[in-house]
Amino acid sequence: MTYQHLPAMPNEVVNFLNCQPGRILVDCTLGGSGHARAICKKISPDGLLIGIDQDRDAITNAKRVLQPFASHIRLFHGNFIRLPEFLAELNLTAVDGILLDLGVSQHHLEKSGRGFSFQKDEPLDMRMNMQTSETAAHYVNQLAESELHKIFKEYGEERWAKKIAREIIRIRKNEKIETSKQLARIVSSVIPNRAAREQKIHPATRVFMALRIAVNRELEVLDRFMGQITDFLNPGGRVCVLAFHSLEDRIVKRHLKALEKGCTCPPALPACGCGKKPVVRLLTRRVVRPRKAEIAVNPMARSTRLRAAEKI
Ligand SMILES: C[S@@+](CC[C@H](N)C(=O)[O-])C[C@H]1O[C@@H](n2cnc3c(N)ncnc32)[C@H](O)[C@@H]1O
């Protein structure tokens, strides 16, 4: 079985990454290989695409979808935080462009059978990498009320976080919470009807997103990776990040601004003492959002926030 993911902002991505024949690009989040295909077309005939995904399904899929470019791609299963290791396997230390398209793919939501979607009745797993240990069911059945509350509030910005965490604790005294529908029902039972109607999204949306972020340690990994990203870029190399969550975008923005500024001395200091120089030039002074015409054909792209920079 192959699957495709309608990529968000594909033209902007290949332009910001300055994809040209002969360049070496890394797609850190292959997913359905939508962006990867667009990049391969631009860097052909002599470029190289290094594709990474922590979900083995995405790697299996990429082998098929990217078959026409087979001699110009190298695929790695694992977390993108392991990029230096993957580059070393190819005798490389730096590349011309790095893409991060964060979050889940359509495959995760629609076909993976791993409980990412509250619309389906599936085992509550939510791991992108099936080789990591703790599932969403583990979190929901084992974590203390205060920890669940924190996850729902911080990662989901869920107004009813406290009540939902309390209800989970009450229910799990009598039954294990094992499926996505079970969890969706518990969350829906807690949120008042009026509030649910006002939100215009399914009542379980925020809780599911928060759990997924926690299970996959998405924000920690992004923060660590953004702190090192320019180490893996050649001068003139580009980074382009698509975020879907305000917390992700905040991390990307903070790192890129710091890299642009260089100096970390307090503003009150008369002269720079740290000696740190700017490392990047921002290509997007403000966040770039998809155009209305794109959202009309690809509604999943509506909350995309794109930022890009070039290493000096
Ligand atoms: C939004 S999808 C990417 C879609 C892709 N750009 C396309 O056009 O089809 C995100 C993908 O990144 C993967 N992913 C998320 N975080 C990751 C990480 N830290 N390391 C490796 N892969 C990750 C997920 O498994 C998922 O397949």
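# From values to terms

Reader: What does the side chain of Asp53 reach at 2.8 Å?
Author: In this predicted model, the side chain of Asp53 reaches the backbone nitrogen of Asp55, at a distance of 2.8 Å.

Reader: Why does Asp53 count as buried?
Author: Asp53, which lies in strand S2, has a relative accessibility of 10%, and since buried means under 20%, Asp53 counts as buried. Setting aside neighbours within four places in sequence, Asp53 is in contact with Cys28, Thr29, Leu30, Gly31, Ala58, Ile59, Phe76, His77 and Gly78. One of these, Cys28, is 25 residues from Asp53 along the chain, yet their C-alpha atoms are separated by 6.4 Å.

Reader: Which residues come nearest to the ligand?
Author: There are 24 residues around the ligand, and those that come nearest are Gly32, His35, Asp53, Phe80 and Asp101. For Asp53, a polar side-chain atom is 2.7 Å from an oxygen atom of the ligand. Gly32 takes part through its backbone, with an N or O atom 2.9 Å from an oxygen atom of the ligand, while a polar backbone atom of Phe80 is 3.0 Å from a nitrogen atom of the ligand. The protein covers 97% of the 600 Å² of accessible area that the ligand has on its own.

Reader: How many residues of the shell around the ligand are nonpolar, how many polar and how many charged?
Author: The shell divides into eight nonpolar, 13 polar and three charged residues.

Reader: What makes a set of residues a nonpolar core, and which members of the largest one touch the most others?
Author: The members must be buried and joined through side-chain atoms within 4.5 Å. The largest such core has 36 residues, of which Ile98, Leu100 and Phe225 touch the most other members. The elements that give two or more residues to this core are strands S2 (48-53), S4 (95-101), S5 (233-243) and S6 (280-282), together with helices H4 (83-89), H12 (218-228) and H13 (246-261). Beyond its neighbours within four places in sequence, Leu100 is in contact with residues including Phe80, Leu222, Phe225, Cys240 and Leu242. Apart from this core lies another, of 35 residues, among them Phe152, Trp160, Val207 and Val215.

Reader: Which elements do the buried residues of H9 pack against?
Author: They pack against helix H6 (136-142), helix H8 (161-172) and helix H11 (205-215). The buried residues of H9 itself, which spans residues 180-190, are Ser180, Gln182, Leu183, Ala184, Ile186, Val187 and Val190.

Reader: Is Arg212 buried or exposed?
Author: The relative accessibility of Arg212 is 11%, and as the limit for buried is under 20%, Arg212 counts as buried. Arg212 lies in helix H11, and its side chain makes a polar contact of 2.8 Å with the side chain of Glu218. Leaving out neighbours within four places in sequence, its contacts are Gly103, Val104, Phe116, Met126, Met128 and Glu218.

Reader: What is the phi of Met9, and what is that of Glu157?
Author: Met9 has a positive phi of about 50° although it is not a glycine, and Glu157 likewise has a positive phi, of about 45°, without being a glycine. Most residues other than glycine have a negative phi. Met9 lies in the segment before helix H1 (10-16) and, at 0% relative accessibility, counts as buried. Glu157 belongs to the loop between helix H7 (145-154) and H8, and its relative accessible area of 43% makes it partly exposed, since that class runs between 20% and 50%.

Reader: Why does Ser246 count as partly exposed?
Author: Its relative accessibility is 23%, and as buried requires a value under 20% and exposed one over 50%, Ser246 counts as partly exposed. Ser246 lies in helix H13 and, leaving aside neighbours within four places in sequence, is in contact with Glu157 and Arg305.

Reader: Is the peptide bond from Ser44 to Pro45 cis or trans?
Author: The bond is cis, with omega near 10°, and Pro45 sits in the loop between helix H2 (34-43) and S2. Most peptide bonds are trans.

Key. Residues are numbered from 1 along each chain as its sequence is written. This is a predicted model: local features need pLDDT of at least 70, side-chain atom pairs count only at pLDDT 80 or more; totals for chains, interfaces and linings use all residues. Side-chain values use heavy atoms; hydrogens and water are left out. A residue is near a molecule or strand if one of its heavy atoms lies within 4 Å of it. A polar contact is a pair of N or O atoms within 3.5 Å; within protein, one must be able to donate a hydrogen and the other to accept it, and residues adjacent in sequence count only if both atoms are side-chain atoms. Accessible areas come from the Shrake-Rupley method with a 1.4 Å probe; for residues, only the protein chains shown count as cover. Ala, Val, Leu, Ile, Met, Phe, Trp, Tyr, Cys and Pro count as nonpolar, Asp, Glu, Lys and Arg as charged, and the others, Gly among them, as polar. Buried means under 20% relative accessible area, exposed over 50%, partly exposed in between (1.4 Å probe, protein chains only). Helices (H or I, at least four residues) and strands (E, at least two) are DSSP runs, numbered from the N terminus. Contact means heavy atoms within 4.5 Å.
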